[in-house]
Amino acid sequence: MRETEQRAARAYREQFGEEPELVASAPGRVNLIGEHTDYNGGFVLPCAIDRRVAVAVGTGGRGWFETSLYSADFDEMRQIDKDSSWADYPRGVAWAMGEAGHEIGTFRAAFAGNVPLGSGLSSSAAIEAATALALDAFFGLGAGRTDLAVICQRAENGYVGVNSGIMDQYASLLCEAGAALLVDCRSLEARNVPLDLTAAGLVLVVCDTRVERGLADTGYNDRRATCERAASTLGVEDLRDATEGDLPLLSGEELKRARHVLSENARVLEAVEALENRDFDGFGRLMYASHASLRDDFEVSTPELDTFVETAEEHGAAGARLTGAGFGGCAIALVPEGETAALTNACEQAFAERSFEEPAFYEFLPAAGAELAG
Ligand code: GLA
């Protein structure tokens, strides 16, 4: 068992005085390319990271069948009622399973994780996906992974109250080690695309800018609303259906947002082709172009994210861009093996010169999606 899975199992034993029935875990993610396209019916290409949330589940004993949720990281026990804490994610999953017509009994669960919180690496999708996989096995629901991802998104939209797309939950449940996941967010078809960074002599470096994503929800919902307005101006269901020829019909913010979504969808498909041809230079150029479009047309970058991307380019990164919703959070770069320290040092210096918060760095290889342990 992984360290997080062992900690969840140990926490379960300590809190509930029994062995858990099963343990599951699910990863956070970075998105390689395809940003703000999921809720426009478009394409995304995330990969899972080797930071996970684990959950140990059981019924508990001695005739006491109330649902209890324990977090080893917060050292907190919560019950089933909604309270705007971390526990709303697993509660939301149980609720959404009921909404989807599944019979869910009461259960006990203990959680432990190491996905950085609130930095855009999808710790919320990880706790949802781990809970969904564990409850599916525990209650013998037999739901498929794509159904579980939709249930997790429903939990986030309908219970937690965040209007996110499907990308993060798909990534956490369907990614495979050594691969990126191409998702068509309209048909919900997905396929893994091999991403052998080691063979290419590259590593994936993540820079957490530590910028508070305080305005993220407002900004995110605002971008969604503008995209919906642009689609309705054009008379299409989603911006996915718009073409270059439609753009002159738009103006102002609607034009800029739509131009990003159109060009980004095209870049995802080109990026998949580049990966299939092991053309990492081409892939990297698409990452830089994606960042420029997010900065200039979608306007979700920050000076910190831009500084990281510029520094990465100066230090020979194949590609770099902000990842996730933007408004702070993380950026990624594909860096030649052995060059990470040079980049992170230069970046720390550039951040210090501009009086930014000190950033945090991680190196990842594309990791496995959600799994039952043992
Ligand atoms: C957040 C959301 C995703 C997606 C990205 C932007 O991570 O949860 O659904 O919309 O932002 O690409």
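Ser84 sits in the loop that runs between β4 (76-78) and α2 (88-99). In this predicted model, the phi of Ser84 is near 55°, a positive value in a residue other than glycine. With 67% relative accessibility, Ser84 counts as exposed. Trp86 has its place in the loop between β4 and α2 as well, yet Trp86 counts as buried, at 12% relative accessibility.

**Trp86 and its surroundings**

- Leaving aside neighbours within four places in sequence, Trp86 is in contact with Leu69, Tyr70, Ser71, Phe74, Glu76, Arg78, Phe111 and Ile127.
- The C-alpha atoms of Trp86 and Ser124 are separated by 8.3 Å, although these two residues are 38 residues apart along the chain.

**Aromatic pairs**

- Nine aromatic pairs turn up when the whole structure is searched.
- In one of them, the ring centres of Trp86 and Phe111 are 5.8 Å apart and the planes meet at 65°, so the pair is edge-to-face; the cut-off for that label is over 60 degrees.
- This pair links distant parts of the chain, with Trp86 in the loop between β4 and α2 and Phe111 in strand β5 (residues 108-113), 25 residues apart.
- Trp86 and Phe111 are both buried.
- Another pair joins Trp95 and Tyr159, with ring centres 5.9 Å apart and planes at 40°, so this one is tilted.
- Because Trp95 lies in helix α2 and Tyr159 in helix α4 (residues 145-160), the pair ties together parts that are 64 residues apart in sequence.
- The two partners can be described by their accessibility: Trp95 counts as partly exposed at 28%, whereas Tyr159 counts as buried at 15%.
- Phe74, Trp86 and Phe111 are linked by ring pairs into a cluster.
- Tyr159 also has a charged neighbour, as Lys82 lies over the face of its ring, at 5.5 Å from the ring centre.

**Another positive phi**

- Leu188 is not a glycine, but its phi is positive, at about 65°.
- Most residues other than glycine have a negative phi.
- Leu188 is found in the loop between β6 (179-184) and β7 (189-194).
- Its relative accessibility is 27%, so Leu188 counts as partly exposed.

**Thr209, a buried loop residue**

- Thr209 belongs to the loop between β8 (202-208) and α6 (216-234).
- With a relative accessible area of 0%, Thr209 is buried.
- Which backbone oxygen does the side chain of Thr209 reach? That of Gly329, at 2.7 Å.
- Not counting residues up to four places away in sequence, Thr209 touches Glu304, Leu305, Gly328, Gly329, Phe351 and Glu357.

**Cysteines**

- How many disulfides does the model have? The count comes to zero.
- Cys152 is in no disulfide, and the nearest cysteine sulfur, that of Cys175, is 14 Å away.
- Cys152 is buried, with a relative accessible area of 1%.
- Cys207 is in no disulfide either; the nearest cysteine sulfur belongs to Cys347, 4.5 Å away, and the cut-off for a disulfide is 2.5 Å.
- At 0% relative accessibility, Cys207 counts as buried.

**Nonpolar cores**

- In soluble globular proteins, nonpolar side chains tend to be buried together.
- The largest nonpolar core here has 78 residues.
- Which members of this core touch the most other members? They are Leu45, Val57, Leu204 and Phe283.
- Phe283 touches Leu32, Leu45, Ala271, Ala274, Leu275 and Leu334, not counting residues up to four places away in sequence.

Terms used. Residues are numbered from 1 along each chain as its sequence is written. This is a predicted model: local features need pLDDT of at least 70, side-chain atom pairs count only at pLDDT 80 or more; totals for chains, interfaces and linings use all residues. Side-chain values use heavy atoms; hydrogens and water are left out. Helices (H or I, at least four residues) and strands (E, at least two) are DSSP runs, numbered from the N terminus. Buried means under 20% relative accessible area, exposed over 50%, partly exposed in between (1.4 Å probe, protein chains only). A polar contact is a pair of N or O atoms within 3.5 Å; within protein, one must be able to donate a hydrogen and the other to accept it, and residues adjacent in sequence count only if both atoms are side-chain atoms. Contact means heavy atoms within 4.5 Å. Rings of Phe, Tyr and Trp (its six-membered ring) pair if their centres lie within 6.5 Å; planes under 30 degrees apart count as stacked, over 60 as edge-to-face and the rest as tilted. A charge sits over a ring if NZ of Lys or CZ of Arg is within 6 Å of the ring centre and within 35 degrees of the ring normal. A nonpolar core is a set of buried Ala, Val, Leu, Ile, Met, Phe, Trp, Tyr and Cys residues joined through side-chain atoms within 4.5 Å.
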